[in-house]
There are 2 protein chains.
Amino acid sequence: MALEDYPRPSVTVDVIIFTLHDDLQVLLIKRKYPPFAGMWAIPGGFVQEGESLEETALRELEEETGVRDVYLEQLYTFGNPGRDPRGWVITVAYFALVPCTAVDLQAGDDAAEARWFSIHSLPLLAFDHADILPYALQRLRYKLEYSAVGFELLPETFTLTELQTAYETILDETLDKRNFRRKILGAGVIERTGAYRTGEGRPAQLYRFRDDAVAEVKARRLFP
Amino acid sequence: MALEDYPRPSVTVDVIIFTLHDDLQVLLIKRKYPPFAGMWAIPGGFVQEGESLEETALRELEEETGVRDVYLEQLYTFGNPGRDPRGWVITVAYFALVPCTAVDLQAGDDAAEARWFSIHSLPLLAFDHADILPYALQRLRYKLEYSAVGFELLPETFTLTELQTAYETILDETLDKRNFRRKILGAGVIERTGAYRTGEGRPAQLYRFRDDAVAEVKARRLFP
DNA sequence: TTTTGTTTGTGTCATTTATACACCAATTAT
DNA sequence: ATAATTGGTGTATAAATGACACAAACAAAA
């Protein structure tokens, strides 16, 4: 029995794009055409032949935000019947973490508009996207506890207070300053740049993420 | 642009079926037809329209092993171009844990033969299945450390020694008996049945898994 | 029936890890 | 100069982990 003899679904890749702007935010696009015209949705597109799923995700990501070289991770594949009124559509969901800096919003072909939404004030979502989004958030929070993924949302250099604030924003809980610093510094994943960020109070040491530390850290838990 | 205007891939669901028989074992099927005729492969099949991915996985699982009501979890979706010589095929991989008891092997239509293989002596695998399998094993080991998934591989009732042996076999490391017992019992996920297993030496208490403990335990880590 | 062999079941101490908590230092704004 | 603001540091207590050895209960063999 040949491949073509089986009915085939359409396959899309949706990318939940997170960033930090005061709050933890996700990028959504306003649908221009039916179904769900006028509603907000997670950006995504059809997989093309000869393209890997990750390539599809990266392509979507670049189309929507103009960014490349960001953290991208496959989340889950959704294939329940009836999830797309147009027919049989299976969606591979990815989530991406982009730094608040250097994002250039540009609506794709299918979208009327692209906007960041705080995860605390999401609009009604198209398709089954209201199920997918909490899943992505949960995964992000979970990963934050045992990997160094938090840095992906910050610019190249950052202060420890900024890093802690990022963690607190994502986890939606407050952390003890001294314990946070001890753990982060003890993990050896960041290093001083030598520069300082000056501002209102005392200037703060600037740190950068140690790229060579990624692999070894993946196994450990930073915040058990 | 309508759905049908996009080229569509074939989508299959592959299920890595684990069990414990002395060793940790996976069920593989010997392919009857090309491509890779005569080679061993992870059991799987095409998703049918109107069927969820999980239903496909359960169907495959039942076809191969005759079991229902087992632990099943989506693993990862593989879609690299060229992974199937027949054409464009995207595979959603699941992994299942079935108790060593009550498995009735029955080769499916596409298979010449189904066999359990120890994960320490795997044959050459068809497609990209040699990449998928270690991924499943890693996930299983990882999950074992923070959830109560180990019980899924044991019969209804079991002794603490049997449970410890299961953990040791999967993790491929030895554990301290007293520390193991302290942690398992402290987690409150199992309870005594009151019955004993008699055998060579001193009779052992039989335990059962507390079903109502699943949810609350999912969050905690049993073996950090 | 006594002895031997095999498996179960239990507690403590040392070490490590996590948590709670308060003040001085360095700078800018007034 | 003074006040206001943010950055940076250590210690003591509690909890979790890891290492470790022997008596109890039964079956098999003598």
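The structure is a predicted model, in which local features need pLDDT of at least 70 and side-chain atom pairs count only at pLDDT 80 or more, while totals for chains, interfaces and linings use all residues. Residues are numbered from 1 along each chain as its sequence is written, chains are lettered from A in the order in which they are written, and side-chain values use heavy atoms, with hydrogens and water left out. Helices (H or I, at least four residues) and strands (E, at least two) are DSSP runs numbered from the N terminus.

**Interface between chains A and B**

- Contact (heavy atoms within 4.5 Å) links 31 residues of chain A with 32 residues of chain B.
- The two chains bury about 2800 Å² between them, with 63% given by carbon and sulfur atoms; buried area is the accessible area (1.4 Å probe) lost when two parts are put together, summed over both.
- On the chain A side, A:Leu3, A:Arg8 and A:Trp88 lose the most area to chain B, together 23% of what that side buries.
- Two residue pairs, both at pLDDT 80 or more, are in polar contact between the chains; such a contact is a pair of N or O atoms within 3.5 Å, where within protein one must be able to donate a hydrogen and the other to accept it, and residues adjacent in sequence count only if both atoms are side-chain atoms.
- Strands S1 (10-21), S5 (71-78) and S6 (89-97) and helix H2 (129-146) of chain A each supply at least two residues of the side that touches chain B.

**Sheet in chain A**

- Three strands form an open sheet in the order S8-S10-S9 with antiparallel pairing; two strands pair if DSSP finds at least two bridges between them.
- Strands S8 (157-158) and S9 (190-197) are the edge strands, each pairing on one side only.
- Five bridges join S9(A) to S10(A), residues 204-209, and A:Ile190 stands opposite A:Phe209 in S10(A).

- H2(B) (residues 129-146) has 18 residues and reaches 26 Å from its first C-alpha to its last, close to the 26 Å expected at 1.5 Å a residue; the expected span is 1.5 Å times one less than the number of residues.
- Buried residues (under 20% relative accessible area, 1.4 Å probe, protein chains only) of H2(B) include B:Ile132, B:Leu133, B:Leu137 and B:Leu140.
- B:Lys143, in H2(B), counts as buried because its relative accessibility is 11%.
- Beyond four places in sequence, B:Lys143 is in contact with B:Tyr71, B:Glu73, B:Phe95 and B:Val149.
- B:Thr12 in strand S1 (residues 10-21) of chain B is buried, with a relative accessible area of 7%.
- Not counting residues up to four places away in sequence, B:Thr12 touches residues including B:Gly45, B:Phe46, B:Val89 and B:Ile90.

Technical notes. Buried < 20%, exposed > 50% of the residue type's maximum accessible area, 1.4 Å probe, protein only.
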